[in-house]
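Subject: Structure for your review

Dear colleague,

Please find below the structure that I am handing over to you. My notes on it follow directly after.

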Amino acid sequence: MPYHSYNRRPNQVRQNFRGRQPVRSKLKKDDIHRSKFIKPARSVEAVKYEPKHLFSDFAMSDLLHRNVQAKGIVSPSPIQDQAIPVGLAGQDVVGIANTGTGKTIAFALPVFHRLMSERGARALILAPTRELAQQIEDECRVVAKGSGLFGTLLIGGSPMGPQLRDLRSRPHLVIGTPGRIKDHIERGSLELSAFNIIVLDEVDRMLDMGFVNDVRKILSGAATNRQSFFFSATLDERVKALIKTFSHEPVIISVKTGETTDNVEQNIVPFDSKEEKIDKLQSILANEEVAKVVVFDDTQRSVERLSKKLQDYGFKADAIHGGKTQGQRQRALSRFKENNITILIATDVAARGLDVPDVTHVINFSTPKTYDDYVHRIGRAGRAGKKGYALTFVEN
């Protein structure tokens, strides 16, 4: 792009007022019976997909063709094969697909083709979490390399100053989370009326996280005559209502195969005391089959404490939670992706934005608040058709 995202400064730490962490109330958990955490993986018969196109068949700019070719991919995934031609034709797209199926490329190529070919076109991509927004931006940098387009990333945990500077340059592309986008709208630094391409990724998760009013406000402020892309793992009534209000005769493309958790082997780990609990966790993590694992705990403090304890025991571990700056979170996630660490201890902030395809195990060191949170947690394992494992610690 040259993609001048000035707000990506991992070494710059945001200070809370008077240096104190915000006080968070303890939320009551649903009473989830232990039997809900026990379920064998279900073998979903994989039907070999025969794409109708190669990437070289798509009517898009030569630069995009070269960048895709440089990525080494020739045949599109099902969602890419069906959504890209519709997007390139200028139609609204509703894509229903499992996570880890290549949705970013499915909307990025049509978006960048239009940005490069239509003077004055501007695009907004919304994602539910900072981590997912960051991952989308990383993919976009590769896809649009050398295009001369300018974009910015608007997420919490990053300083406002560089974001404000980026916005004054009228970027072609804005990628962000609903909360931070709303912040900029309210302070007058982001005017959406010129944005005629809108992408909502993981719409169902955005609504699960309580962003429905923010999303509606954002969509209401965008250009009336626009192209919209909605991508979601489910198409429930809430998602349908949003799409009906903010799209025009969309083409619905569904390539979902089974539930996200079908290929995750689920079981419990009973324990009687705190000492036994940590001993059992160490034993599990020492098993060579547990190659790459996300461990979930309740609070920022407990995540930090568990991370330090596992490091003291010699495990390659790091922590990620909402109390860390975006730079700290991104460094931990990068180390995890690059296998510099094999254990990531997290609060639920990571359950809705973590996309690492080779996670073998998810361990719920504490039970989740709701069953929906549980489903999001264990969905980090067994991605892209691979079998995963989920273990939940339950006190006797």
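In what follows, axes are lines fitted to C-alpha atoms, for helices over the stretch in contact, and the angles run from 0 to 180 degrees between N-to-C directions. Please bear in mind that this is a predicted model.

Helix H1 and helix H3

On that basis, the axes of helix H1 (residues 62–70) and H3 come within 10 Å, and they cross at roughly 145 degrees. The crossing of H1 with H3 is right-handed. On the H1 side, Leu 63, Leu 64 and Val 68 take part, and they meet Leu 109, Phe 112, His 113 and Met 116 of H3. Sorted by class, the residues of this contact are 6 nonpolar and 1 polar, with no charged residues.

Helix H10 and helix H11

A second pair is formed by helix H10 (residues 274–286) and helix H11 (residues 300–312), whose axes are 12 Å apart and whose packing angle is about 60 degrees. The two helices H10 and H11 are therefore oblique to each other. Their crossing, H10 over against H11, is right-handed. Ile 278, Leu 281 and Leu 285 are the residues of H10 in this contact, and their partners in H11 are Leu 306, Lys 309 and Leu 310. The contact of H10 with H11 comprises 5 nonpolar residues and 1 charged residue, with no polar ones.

Helix H4 and helix H12

For helix H4 (residues 130–143) and helix H12 (residues 326–337), the axes come within 11 Å and the crossing angle is roughly 65 degrees. Angles of 65 to 115 degrees count as roughly perpendicular, and H4 is therefore described as roughly perpendicular to H12. The crossing of H4 and H12 is right-handed. H4 contributes Arg 130, Glu 131, Gln 134 and Gln 135, while H12 contributes Gln 326, Arg 329, Gln 330, Leu 333 and Lys 337. By class, this contact of H4 with H12 holds 1 nonpolar, 4 polar and 4 charged residues.

Which residues of helix H2 (residues 78–88) are buried? They are Ile 79, Gln 80, Asp 81, Ala 83, Ile 84, Val 86 and Gly 87. The elements against which the buried residues of H2 pack are strand S1 (93–96), helix H3 (103–117), strand S6 (227–232) and strand S7 (251–254).

Ala 89 is located in the loop between H2 and S1. With a relative accessibility of 55%, Ala 89 counts as exposed. Ala 89 and Ala 59 are 30 residues apart along the chain, and their C-alpha atoms are separated by 9.2 Å. Gly 90, which follows H2, has a positive phi, near 90 degrees.

Positive phi at two glutamates

Most residues other than glycine have a negative phi. Glu 202 is not a glycine, yet its phi is positive, at about 55 degrees. Glu 202 sits in the loop between strand S5 (197–200) and H7, and at 8% relative accessibility it counts as buried. Glu 249, likewise not a glycine, has a positive phi of about 45 degrees. Glu 249 belongs to the loop between helix H9 (237–246) and S7. Is Glu 249 buried or exposed? At 62% relative accessibility, Glu 249 counts as exposed.

Arg 205

Helix H7 (residues 203–208) contains Arg 205. The relative accessible area of Arg 205 is 7%, and the cut-off for buried is under 20%, so Arg 205 is buried.

The protein as a whole

The secondary structure comprises 13 helices and 13 strands. Of the 396 residues in the protein, 52% are buried. The accessible surface comes to about 18,600 Å², and carbon and sulfur atoms account for 48% of that surface. Among the contacts between residues at least 6 apart in sequence, 77% join residues at least 24 apart.

A colleague

Definitions and conventions:
Residues are numbered from 1 along each chain as its sequence is written. This is a predicted model: local features need pLDDT of at least 70, side-chain atom pairs count only at pLDDT 80 or more; totals for chains, interfaces and linings use all residues. Side-chain values use heavy atoms; hydrogens and water are left out. Helices (H or I, at least four residues) and strands (E, at least two) are DSSP runs, numbered from the N terminus. Angles under 35 degrees count as roughly parallel, over 145 as roughly antiparallel, 65 to 115 as roughly perpendicular and the rest as oblique. A crossing is left-handed if the near helix is turned anticlockwise from the far one by less than a right angle, and right-handed if clockwise. Contact means heavy atoms within 4.5 Å. Ala, Val, Leu, Ile, Met, Phe, Trp, Tyr, Cys and Pro count as nonpolar, Asp, Glu, Lys and Arg as charged, and the others, Gly among them, as polar. Buried means under 20% relative accessible area, exposed over 50%, partly exposed in between (1.4 Å probe, protein chains only). Accessible areas come from the Shrake-Rupley method with a 1.4 Å probe; for residues, only the protein chains shown count as cover.
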